[in-house]
Structure formats: structure tokens, C-alpha cells
Amino acid sequence: MEENTDFPCFVADTSFMAAYLLNGLCSDELSGCIKDVENVIQNNGQFYVPPLFWYEIENVLLVKTRKLKNGEVKISKTDAMDILYDLQCLPIYTDPQPDAEIRQRIFDLAEEHNLSYYDASYLELAHRYNLPLKTYDEALLKASK
């Protein structure tokens, strides 16, 4: 399948979208995600994610609401709910549950690139739709090149 060049779109993994959504908590080197996300939004583009993405991103937010040893939290539950609302307003296409053929390709990519099955699901999605993959995961970034 050829990439649609009429508007910007890419596969976004959890590390990338978490950096965007939690941008106040991220280091400066991760701030490039803001420009990429805003480009998609301003130009009627789309983000592609596997179904797993929603579990992963909500788990990131859940962990951020848990108390640290000193009793503080990184974000409040209200902040987490606001972030989830913002996330649901983004132009995100969730790929359907993969069939047996796609699951086999994910398995093969995970094996070939020494990735988790979870991470390989993002790589397979990017390959299948011929889209760039945006990630801050070093192993996944290397595999996507």
C-alpha cells in the first residue's frame, strides 16, 4: 500500500505520544514530537496506532498518577483525565484487531529485530501502510530504518 502524501500521517508509538501529551514533564530532546504532532493536526493528517496503544498510553498515565516514595505524584488524576480527553480529540486511526496473517508478520518482525511483540506491532503497522514510525524507543527506531 502506498503512503498517502495528501496530508501528513505516521504511526505513533506510546513513547512518542506520551512525550507529546506529557510535554511539560519531558526533556528538551523529546520536544521535537510537539512539532510533528502539530503538523499533523494543522494539516488534517492522521496518526495510526495498533489497538494495544490505548492500553499502553493509559497505563503510562496511571503510573504517572501513583504516589512516589516522597508522597508526591507527577500528575493528578484530574490531569490524567484531561490528557485522555485531549488524546481522544486527536485524529487517531486505530487499526483493527490483527488477523492471523498480520500476527504472524508481527511475530516475524519481533524475532528478526529482537523486539517485544508489542513494539513489533507498531513496526508492522508502519510497514503495512508504508508510513514513517515515530518513536523514542531506541530498539524500535533502529528496526524501523
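One aromatic cluster is made up of F10, F16, F47 and Y136. The model is predicted: local features need pLDDT of at least 70, side-chain atom pairs count only at pLDDT 80 or more, and totals for chains, interfaces and linings use all residues. Residues are numbered from 1 along each chain as its sequence is written, and side-chain values use heavy atoms, with hydrogens and water left out.

**Exercise 1.** State how F16 and Y136 pair, and what the pair ties together.

*Solution.* Start with the rule: rings of Phe, Tyr and Trp (its six-membered ring) pair if their centres lie within 6.5 Å; planes under 30 degrees apart count as stacked, over 60 as edge-to-face and the rest as tilted. The count by this rule is seven aromatic pairs. For F16 and Y136 the values are 5.8 Å centre to centre and 15° between the planes, a stacked pair. Next, place the residues: F16 belongs to helix α1 (residues 14-21) and Y136 to the loop between β4 and α7 (138-144), so the pair ties together parts that are 120 residues apart in sequence. Helices (H or I, at least four residues) and strands (E, at least two) are DSSP runs, numbered from the N terminus. Last, take accessibility, where buried means under 20% relative accessible area, exposed over 50%, and partly exposed in between (1.4 Å probe, protein chains only). F16 is buried at 2%, and Y136 is partly exposed at 29%.

**Exercise 2.** Classify the pair of F53 and W54.

*Solution.* The ring centres of F53 and W54 are 5.1 Å apart and the planes stand at 80°, so the pair is edge-to-face. F53 is buried, with a relative accessible area of 0%, while W54 is partly exposed at 22%.

**Exercise 3.** Give the strand order of the open sheet, then its edges and the helices on it.

*Solution.* Two strands pair if DSSP finds at least two bridges between them. The four strands run in the order β3-β2-β1-β4, with parallel pairing. β3 (92-94) and β4 (133-134) are the edge strands, each pairing on one side only. Helix α2 (residues 32-42) packs on the sheet and touches β1, β2 (46-49) and β4, at about 115° to the direction of β2. Contact means heavy atoms within 4.5 Å; axes are lines fitted to C-alpha atoms, for helices over the stretch in contact, and angles run from 0 to 180 degrees between N-to-C directions. Helix α6 (residues 117-129) lies across β1, β2, β3 and β4, at about 160° to β1.
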